[in-house]
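I opened the notebook to go through this structure one piece at a time. The entries follow the order in which I looked things up.

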Amino acid sequence: MPQNNFSQPRTVTASERGGLDIRNLVLLAILLAAGFILNMTVGKALSALTMGTLSPEFIIAAFCLEILIVRPKPAQALVIGLIAGAVIQISASVKGPDLIAEPIAALVMALIVAAGMKGKAKAIVPVLGTFVTTTLSGLIYAVIVIYALRTVNATLLIMLPVVLGTGVANAIIVGALYLPIKKALKLAD
């Protein structure tokens with residue numbers, strides 16, 4: 001008579017970091033959806049309250065969290081950035097620049113995480129990496145918009161406080177969320 005295996009406990013092993021398996025793609029979808037909703041609600045409200053000087057970009061914060069959690073390879077980080085850039089297109093006032101800015105920014109975040117999470121600086125990598133990533137994305141976006149609209153270079157100086165403010169806001173958001181998410185997912189550094 002064949003034995004049934006119903007009495008033996010089932011063991012589920014978590015996938016290793018560094019890959020975009022189905023679990024990590026679902027996490028990306030959830031984070032980007034949350035980021036999009038927050039952009040359309042909280043982001044718009046904060047931007048209106050501060051007359052445009054503080055405009056968190058929750059989708060960038062979402063992909064920074066994804067990269068911190070998943071630790072993708074560089075090519076995978078580019079895909080994450082491209083997906084994020086595509087989602088941003090839904091609500092973007094200027095279409096296109098995010099499709100360039102976000103993949104580059106995601107790649108930079110992945111490189112920062114890969115280098116920084118192995119050393120003593122790992123405590124500041126979520127905040128510092130997100131600030132650098134968001135600021136880089138904003139600067140790339142601004143330069144593309146200035147070039148495309150053929151505006152004067154002074155426009156970059158006008159946009160710079162918004163870009164830096166957004167970088168700070170995203171750094172605070174990711175800094176506050178990374179440890180609880182890491183703990184909830186039972187991830188080790």
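At what angle do α3 and α4 pack, and how far apart are their axes? I found an angle of about 145° and axes 7 Å apart. Axes here are lines fitted to C-alpha atoms, for helices over the stretch in contact, and angles run from 0 to 180 degrees between N-to-C directions. I noted the crossing of α3 and α4 as right-handed. A crossing is left-handed if the near helix is turned anticlockwise from the far one by less than a right angle, and right-handed if clockwise.

I then listed the residues that make this contact. From α3 they are Pro74, Ala77, Leu78, Gly81, Leu82, Gly85, Ala86 and Ile88, and from α4 they are Asp98, Leu99, Glu102, Pro103, Ala106, Leu107, Ala110 and Leu111. Contact means heavy atoms within 4.5 Å. Sorted by class, the contact of α3 with α4 has 12 nonpolar, 2 polar and 2 charged residues. Ala, Val, Leu, Ile, Met, Phe, Trp, Tyr, Cys and Pro count as nonpolar, Asp, Glu, Lys and Arg as charged, and the others, Gly among them, as polar.

Entry on the source. I am reading a predicted model, in which local features need pLDDT of at least 70 and side-chain atom pairs count only at pLDDT 80 or more, while totals for chains, interfaces and linings use all residues. Residues are numbered from 1 along each chain as its sequence is written, and side-chain values use heavy atoms, with hydrogens and water left out.

Entry on the whole protein. I counted 6 helices and 0 strands, and the pattern along the sequence reads α-α-α-α-α-α. Helices (H or I, at least four residues) and strands (E, at least two) are DSSP runs, numbered from the N terminus. Of the 189 residues, 39% count as buried. Buried means under 20% relative accessible area, exposed over 50%, and partly exposed in between (1.4 Å probe, protein chains only). Among contacts with a separation of 6 or more, 72% come from residues 24 or more positions apart. The accessible surface is about 10700 Å², and 73% of that surface belongs to carbon and sulfur atoms. These areas come from the Shrake-Rupley method with a 1.4 Å probe; for residues, only the protein chains shown count as cover.

Entry on α4. This helix covers residues 97–116, and its 20 residues reach 28 Å from first C-alpha to last, close to the 28 Å expected at 1.5 Å a residue. The expected span is 1.5 Å times one less than the number of residues. The buried residues of α4 include Pro97, Ala101, Ala105, Met109, Val113 and Gly116. I found α2 (58–70), α3 (74–88) and α5 (125–149) among the elements that cover the buried residues of α4.

Entry on α5. Its 25 residues reach 35 Å, close to the 36 Å expected at 1.5 Å a residue. I looked up leucine 136, which lies in α5. Leucine 136 counts as partly exposed because its relative accessibility is 26%. Beyond four places in sequence, leucine 136 touches Ile104, Ala105 and Val108.

Is valine 174 buried or exposed? Valine 174 counts as buried, since its relative accessibility is 0%. It sits in helix α6. Not counting residues up to four places away, valine 174 touches Ala61, Cys64, Leu65, Leu68, Pro126 and Thr130.

Leucine 32 belongs to helix α1 (residues 22–49) and is buried at 4% relative accessibility. Beyond its neighbours within four places, leucine 32 is in contact with Ile59, Ala62, Ile83, Ala84 and Val87.

Entry on backbone angles. Most residues other than glycine have a negative phi. I looked for positive values. Arginine 71, in the loop between α2 and α3, has a phi near 60° and is buried at 18% relative accessibility. Lysine 186, in the segment after α6 (154–184), has a phi of about 55° and is exposed, with a relative accessible area of 75%.
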